Each structure stands twice: as C-alpha cells, then as structure tokens.
Amino acid sequence: MTKRNSLLATAIFLLFSFSVFGQDDLMDMLNDEVPDEAAEVMATFKAIKIINAQSIETTKKNNLDFRITHRFGNIGGGGHTLFGLDQAQDVRLSFDYGLTDNLSIGIGRSKVQEHVDGSIKFAFLKQKKDHMPITAVIYSDMAISAQKSDTVSYSPYYEEFGHRITYVTHLIVARKFNKSISVEILPTWVHRNKIDYAVNADNGAEEQNDIFALGFGARVKITKRMAIVADYFLIMSDFRKDNSANSFADPLAIGIEIETGGHVFHINLTNASGILENNYLPYTQDSWSDGGYKLGFNISRVFDL
Amino acid sequence: MKYIVFTILILSVGLFAFKGEKSVTQYSSASSLVTFYSWAPMEDIKAENTNTKSFIRTTDNSIVVRVPIKSFKFEKALMEEHFNENYLESDEFPNATFSGKIIGEYDLKKDGVYNVKAKGDFTLHGVKKSKEFEGTLEVKGEKVTLNTKFDVLLEDHDIEIPKVVFQNIAEKIEVKINITYVPYKK
C-alpha cells in the first residue's frame, strides 16, 4: 500500500469511527455518563435480633418495635413439664425506637435476674452494591438487676447499687451475599461490675469481670416470607472452659423466621439461659447434649409513629 | 506532506461538525419526579422518586429513561422495605427502564406544547414489555418538560402480592412522570 493510500484509509477509518460513536445505544450512553447512584442494601436481616444475637438492623426512624420474647423450659424436662412447655424460663418485653434510620434506642425488662435494660445501636457503615462490601454497627447496653439482695444465701448479694449493673458491647459486621443469604460476626465485650469469687479447679482460672466472646449469626431465606436463622457465641473465658465442677456452655440458637406484613415471628430452639445478652453470655450452663435446649418464640410488631 | 494536511483538515471538519451537531440534538434530564399511586380498599399508598435519569436524542427521536427502584420514598419505612425486598426485588432488578422512539410532530427548538407518543421497551422487575405511552413535551426556551401518566398491571411484570396483604395493594398502579430536560453538554 502506498503512503497516500494508507493516509486516506486512516482518514476514512477515523471519520467512520466518529459516526459509529454517534449512533451508540442511548441507554448505554446514559448508564456511562450518568451512572447509577449506589443504593444501600436493604433487609440484611428482617428484625433487630436474629434469635439471641443482635442483628445489624436498627429500628427505622419514628418506628416503634414492640417485642415479646419467650423461652419455655428445657425440653429435656420430659413429660412432667410437657417438654418444658409448663415453664417460662424467661420472658422479655421490650420497646425499640428509631431516632434516625441509623440510630435507635431501646428499653426492656426480663424475668431472669429481673433485668431492666437500656440500649443504643448505631449503624456507621452501610453495605452498598459495588461500593461498600459490609454493614457495620455498634451496639451497647446497660442492664440493672432489680433482684432483692439476699443477705442469707448471699445469692445474689448486692452491697451497693453499682453491683447490679452489667454492660454488653458488640461491634457487628454483616454482609448480605445475595437475596437469600446474610451473615454477620459480633466481637463482644461483657463487663459485670460485681462477680462472686470462683476458681476453675481444673485449670486454675479465676472468674473475671470482663468476658470476651465472638458471635456468629446467619439468615437463609427459603421462601419470600420464611427464613432459617441461627446464631452462636463462642465465649472466650478460661474459667468457663472444661470446668467440671460448674460446667458452662456456648449459647447456640436455631429457628424459623416468618414475616407477615408488620409482624415478624420466630420459633426457635436454644440452650441460652436468658434472653438478654447480659445474662446468656456469662451464665449459659444448659447444654444441647443433655436436653438443655428450650423452645422459644419472638413476636415483633413495628408501629409507625 | 500535503496529504497529511489534507487528512487533518478533513478530520477537523468532521470533528467540528460532530461536536456542533451534538450540542443541539441531545437533551438530558435536569430534574425529575416519578410518582406512583396504589388505591386499594384498605390503604392508599403513594411513593415519590426524584432520581430518575433520561436522555432524548432528536436525530433519531430516541428516548431512554432509567428509574432507580430504591429511590422510591414511602411514607412508612416498612412499606419501603416490603416494596423493595418482596415485590420489586430491587437488589436483583435495581432499575425500571424505558428505551424507545418518540412518535409525532415536535420541535424542541420552538416553544409550545406537543402531544406525542413514545413506543418502545418498558422493563420493570426484569420483565420487558413492548409499550406505547402518551404524553406531552412542553418547550419553553431551552427547557423541555415531559409529562406522562399511565397504569402498570402488576401481573404483566410478574409482581406477586401475597393474599394476606391483597386488600392493601391495588392490582393496577398509576404512575406519573415529570422530567425536565436541558440541552446536553458533555
């Protein structure tokens, strides 16, 4: 090809490419030049709690979430307690209110230890498609035990008001992998102002005021309105590990979640002793292996105020 | 050498023609409001969306509209969640789109109100339907305003509403679109 021809070919080619560019698909052009704004991923979990564990969901702005949570007795109790149905191991009533879409506060009262608690939950990172892979939330609560101080048996024995107080703080990190699978982890710190002195005779570890735990939670949707949910806490306490005289267990829960309009309903099985973190993290002693799990349910009703 | 000069000359003429033509044949949305209403026995539901984007190109009368589903704002947070998660499944189908041609007489350089139709593909909840919409284009100086109103049948787009909340949601949703365009400058 001569020099002249090649130049002409280049010119024609260039002109041609311009005209092709001009006929580009208009929708592609819109998507390229005015990109979609990243939207937050919604409904990673359906309720503010999975079963025992807090989820990354907060109560939305101006909404009030009224929750009734119930745990029957141990199924291992057999026919004499109708597999635990005769008993109410724990009952909790709570209200959570959304100050903004990312910040909520709550109050509650539980039967076990007569705990009255206040909590705050703040979502500081939101998962966004192609922009942010995770949602992160900080949760903190303070519970006051209203139990009568027992000066005879010394259980419980509260010398001063501060002894009644316990705190739980979670960092919760979650990811919704697709429309049916969501997973979270919860690095957790429990602080109890007062503990009774105790030693694990098997390894010499003393009971501590502070306990650290690592929680895991998951939700798998099986139909549009139904999901299987589960959560588990690995309690990192030497005192609780292999303690033959006073055995402890890691709380594990599994359940079914059903959503009907404004209600979210859970039926679950768990070995946890109580419903509130301040109780079940340090004090779960029932084990799945010897019938120490109980039937429980949660009802959540959200009101738009 | 003179061929090179010649080539550059042709190229620049082509470029200028292209640039000059483009600035007056394409319009982009400057503001928008998409509203939907559902009138049902138990509950009237309304949602608004101000994040809709659109282009009009007059050389071939084409129009494209993109409505991000998650940008619909509802009165109640729970409704918004159900709308996204259960009905429109917006994680999977983030946008409703229209891509088609404007039919009818109009001149975006001359003030006036033009009754036009648009025919093309309307995609909602991942289901594409060929549809024709009627509306108006109002030209006032550089600004062009598009107005249209139409109904969407939920079953046309495989949007399932459970029996429990059937009384709360109409089978037919009314959609109103208002978009203001300005000449597109890149």
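**Entry 1**

I began with A:D96 and found it opposite A:G106, which belongs to β3(A). The model I am reading is a predicted one. I then looked at how the two strands are paired: β2(A) and β3(A), the latter covering residues 103-110, run antiparallel with seven bridges. Four residues make up the link of the hairpin between β2(A) and β3(A).

Next I went back one strand. Strand β1 of chain A takes in residues 63-74 and β2 takes in residues 88-98; I noted nine bridges between them, again in the antiparallel sense. I looked up one pair here: A:T69 has A:R92 of β2(A) as its bridge partner.

**Entry 2: the barrel of chain A**

How many strands make up the closed barrel of chain A? I followed the order from β1 through to β12 and recorded twelve strands with antiparallel pairing. On average, neighbouring strands of this sheet are turned by 20° against each other, with direction ignored.

**Entry 3: nonpolar cores**

I looked for the largest nonpolar core and counted 32 residues in it. Which of these touch the most other members? They are A:I56, A:I172, A:A213 and A:L281. The elements of chain A that supply two or more residues to this core are β5 (135-145), β6 (165-176), β7 (181-192), β8 (210-221), β9 (226-236), β10 (252-260) and α3 (277-283). I noted that β9(A) gives the most, with five residues.

Leaving out residues up to four places away in sequence, A:I172 touches A:Q54, A:I56, A:A136, A:V137, A:Y139, A:E184 and A:L186. Apart from this core I found another, of 31 residues, and its members include A:L30, B:L124, B:L146 and B:I179.

**Entry 4: domains and confidence in chain A**

I looked up the domain assignment of chain A, which gives residues 1-35 as domain 1 and residues 43-304 as domain 2. Taken over C-alpha atoms, the centres of these two domains of chain A are separated by 62 Å.

Then I checked the confidence. Chain A has a mean pLDDT of 88, with 92% of its residues at 70 or more. Residues 18-23 of chain A have a pLDDT below 50, and this stretch makes three contacts in the model beyond near neighbours in sequence. Where pLDDT is low, the predicted coordinates should not be read in detail.

**Entry 5: chain B as a whole**

I turned to chain B and noted two helices and ten strands. Read from the N terminus, the order is α-β-β-β-β-β-α-β-β-β-β-β. Of the 186 residues in chain B, 26% are buried. For contacts in chain B with a separation of 6 or more, I noted that 57% are between residues 24 or more positions apart.

**Entry 6: two hairpins in chain B**

In chain B I looked at β7 (residues 112-124) and β8 (residues 127-140), which are antiparallel and joined by 13 bridges. Two residues lie between β7(B) and β8(B) in their hairpin, and B:H125 in the turn has a positive phi of about 55°. In this pairing B:V113 stands opposite B:E138 of β8(B).

I followed B:E138 to the next strand, where its bridge partner is B:T145 in β9(B). Strand β9 of chain B covers residues 143-153 and pairs with β8(B) over six bridges in the antiparallel sense. The hairpin of β8(B) and β9(B) also has two residues between its strands, and B:G141 there takes a positive phi near 65°.

**Entry 7: B:N61**

Where is B:N61 found? It is in the loop of chain B between β3 (53-57) and β4 (62-68). I counted 15 other C-beta atoms within 10 Å of B:N61, so B:N61 is partly exposed. Being buried would take 20 or more, and being exposed 12 or fewer.

Not counting residues up to four places away in sequence, B:N61 touches B:K101 and B:I102. I also looked at B:G100: it is 39 residues from B:N61 along the chain, and their C-alpha atoms are 8.4 Å apart.

Definitions and conventions
Residues are numbered from 1 along each chain as its sequence is written. Chains are lettered from A and ligands numbered from 1 in the order in which they are written. This is a predicted model: local features need pLDDT of at least 70, side-chain atom pairs count only at pLDDT 80 or more; totals for chains, interfaces and linings use all residues. Two residues are in contact if their C-beta atoms, placed from the backbone, lie within 7 Å. Domain bounds come from an automatic or database domain assignment. Two strands pair if DSSP finds at least two bridges between them. A nonpolar core is a set of buried Ala, Val, Leu, Ile, Met, Phe, Trp, Tyr and Cys residues joined through C-beta atoms within 7 Å. pLDDT is the predictor's confidence in each residue, from 0 to 100. Axes are lines fitted to C-alpha atoms, for helices over the stretch in contact, and angles run from 0 to 180 degrees between N-to-C directions.
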